[in-house]
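Hi everyone, thanks for making the time. Let me put the model up on the screen, and then we can walk through it together.

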Amino acid sequence: MRLFSFITALVVAAALYAIVLERDWLLEFAGIDTAEEVEEPIAVGDNSDTPLALPEGTVRVMAVRSVAQEIDNAVLLRGETEALREIEVRAETSGKIISEPLRKGAMVEAGQLMCAVDPGTSDINLRETLARLSEAKARLPEAKARLLEAQAQVPAAKARISEAIAAVPAAEARLLEARTGIPAAQARLSEAKARVPEAQARLEEANSRIPEAEARLAEAEAAVPAAKASLAEAETRLPEAEARLLEAQARVHEAEINLNASQKLQKDGFAAKTRLAGSEATYEAAKAGVQSALAGLKAAASGIESAKSRLSGALAGVQTAKSQVESARVGVQAAQSQIQNASAGVQTAESQVEGARAAVETALSAVEGAKSAVILAESQLEGAEAGVQSARTGEESARTAIQSAEAAIAGAEMSIDRLGIHAPFAGLLETDTAELGALLQPGAACATIIQLDPVKIVGFVPETQVARVKIGASAGARLIDESEVVGQVTFVSRSADPLTRTFRVEITLPNPDLTIRDGQTADLAITAEGAKAHLLPQSSLTLDNDGHLGVRRVTEAGTAQFMPVKLIRDSVEGVWLAGLPETVDIITVGQEYVTDGVPVAPSFEDVIQ
């Protein structure tokens, strides 16, 4: 059955193609001479039914002359009513309700108390925080006083730093002076040491004279005629030599005691090296005196022996020799004194060098002390600044305590304010408020309020028409009960619904008597800018080779031409099209059988205004 319908359609299409497009070939094939036919010319725009002769290749079509008309360009939507505002008022604190409930449907004013919560210990907490605030404020003057005291110590610490810094150059000057004294003391030490060899040379010279004098004494004693006198005289010298020996031995013993004491004191750090050196020199000198005394004793003994042997003739020579010996000994003693003086000069010079070095050490200590005083003063300044910082911290702590107490007071007052749950705006109760004696927790609902005056009507506009809807545009709505209301567009969404690709539009309108309820269905018409359009039959629409929607018109040259159009609106009478000239001849029948440039012979219908 379907195959038969398909074959019939093919046959009809082929017949129409042959009749319309291949008409000349078909007449020639049928043996009809087209040149003998009498055709009458067809005038464009002539609605006469008189048959006219058509030029070769001309296609007869039906056309209509259309004139553009101004149409209102309203956007039609379907939506529903919504309350302007709807909120579920919830508790911000916990407690038992102590107020009588308000029943649903009742009107409430903005700020009206709906639920009152038992205050409990809120007042006690507020008084406690007020007491903490007073205590914190009382600590603030004390902290300020400590800060002022600490700040007053800073200039004194800076003054001590300046004083200590000023003392450093003076100490360094004393150090330089002490250092310059060392070369002079060393020069004196070198001079004193240079005298010692000279004194030693004199001592050696004096010592060299003693044997000569003793030889002359022996010669003189030998020459003394009276050996007895010489002997007696020699014997008298023997006790003297022994006494000298005893004295020299006593000196050695004393020098040894002093040397041992100096060594112990120097070992314990209580005596200088110079004192030890002096003790050692004294000890050596005492030992030399013993040797000298021994030598004298021996000389005396020799003199006795010589005097005994030459007693008779040597008394005069003995006296002379004795004088010479005594003179030599005096020279030795003088040389020894010079040596001792030179040694004492060396010790004095060494003491001066040590004193200069000690002065340098003292000056160094003074410099270090001055620098330490600077460091100490800087430490005191740092301590004073730390005290200032600590005092500031204490003041900040006091201020923080005040702020904390004030914040606690604000929190306590806020907690007291939260005990009363008030209506945020005037509206209608959709639910009963919380029942008397009910226990509310934070976040528990007290009541639901809606505001219906004004009221919103919400619709969703397609993305193809959203650009035509402007905020502030007039809009009308027809409710489900056939009542009509008028309002204005107050919101057009900038974000499309991800599923429907439509945009939310809100229309706000007054509702003083609250006749419009939340959730009613409504048909919306939003005014938009008007446009010029042609009202044409829907059958006149066609497509070009690229699939573009359009119509074919009759040009002034009497040929067919495709023109793209924009569909504005579809209605019962036809379709409203834009994109055409003000006045245009549109092919309504036969447009599918012609292409651009094909001659046509239109038969016009009544012009649609």
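I'd like to start at E582, which counts as partly exposed because its relative accessible area is 43%. On that scale, buried is under 20% relative accessible area, exposed is over 50%, and partly exposed is in between, with a 1.4 Å probe and protein chains only as cover. A word on the source: this is a predicted model, where local features need pLDDT of at least 70, side-chain atom pairs count only at pLDDT 80 or more, and totals for chains, interfaces and linings use all residues. Residues are numbered from 1 along each chain as its sequence is written, and side-chain values use heavy atoms, with hydrogens and water left out.

So what does E582 pair with? Its salt-bridge partner is K532, with the closest N and O atoms 3.9 Å apart. K532 sits in strand β15 (residues 531–536) and E582 in the loop between β20 and β21 (583–589), so this pair ties together parts that are 50 residues apart in sequence. For those of you who care about cut-offs, a salt bridge here is a side-chain nitrogen of Lys or Arg within 4 Å of a carboxyl oxygen of Asp or Glu. Strands and helices are DSSP runs numbered from the N terminus: helices are H or I with at least four residues, strands are E with at least two. K532 is partly exposed as well, because its relative accessible area is 46%.

How many salt bridges does a search of the whole structure find? The count is 11. Another of them joins E435 and R103, at 3.7 Å from N to O. E435 lies in the loop between β8 (427–429) and β9 (439–440), and R103 in the loop between β4 (95–96) and β5 (107–108), so the pair ties together parts 332 residues apart in sequence. Both ends are partly exposed: E435 has a relative accessible area of 42%, and R103 has 46%.

Then there is R90 with E88, whose closest N and O atoms are 2.3 Å apart. R90 is partly exposed at 42%, and E88 is partly exposed at 37%. There is also a salt-bridge network, which links E82, K456, R504 and E506.

E82 stands opposite K456 in β10. Strand β10 (residues 445–462) runs antiparallel to β3, and 11 bridges join them. To count as a pair, two strands need at least two bridges found by DSSP. One more thing in β10: P454 lies in this strand, and the peptide bond from D453 to P454 is cis, with omega near -5°.

Strand β3 (residues 75–90) is also antiparallel to β14, through 6 bridges. Within that pairing, V75 has I526 as its bridge partner, and E80 stands opposite T521. β14 pairs with strand β11 (residues 474–479) too, in the antiparallel sense over 5 bridges, and there L479 stands opposite A522.

Which face of β14 is covered? The covered one carries A522, L524 and I526, while T521, D523 and A525 make up the uncovered one.

L514 has a phi near 60°, a positive value in a residue other than glycine. R501, in the loop between β12 (484–492) and β13, also has a positive phi, near 60°. As a reminder, most residues other than glycine have a negative phi, and most peptide bonds are trans.

Back to D518: together with E80, E86 and E430, this residue forms a negative surface patch. D518 is partly exposed, at 38% relative accessibility.

L577, in strand β20 (residues 575–578), is buried at 0% relative accessibility. L577 and L535 are 42 residues apart in sequence and 6.6 Å apart in space, C-alpha to C-alpha. T320, in helix α6 (residues 315–417), is partly exposed at 45%. T320 and L217 are 103 residues apart in sequence and 7.0 Å apart in space, again C-alpha to C-alpha.

Technical notes: Patches are made of residues with over 30% relative accessible area and no salt bridge: like charges are joined within 9 Å, nonpolar side chains (Val, Leu, Ile, Met, Phe, Trp, Tyr) within 5 Å. Accessible areas come from the Shrake-Rupley method with a 1.4 Å probe; for residues, only the protein chains shown count as cover. Lys and Arg count as positive and Asp and Glu as negative; His and the chain ends are not counted. The place of a charge is taken as NZ of Lys, CZ of Arg, CG of Asp or CD of Glu.
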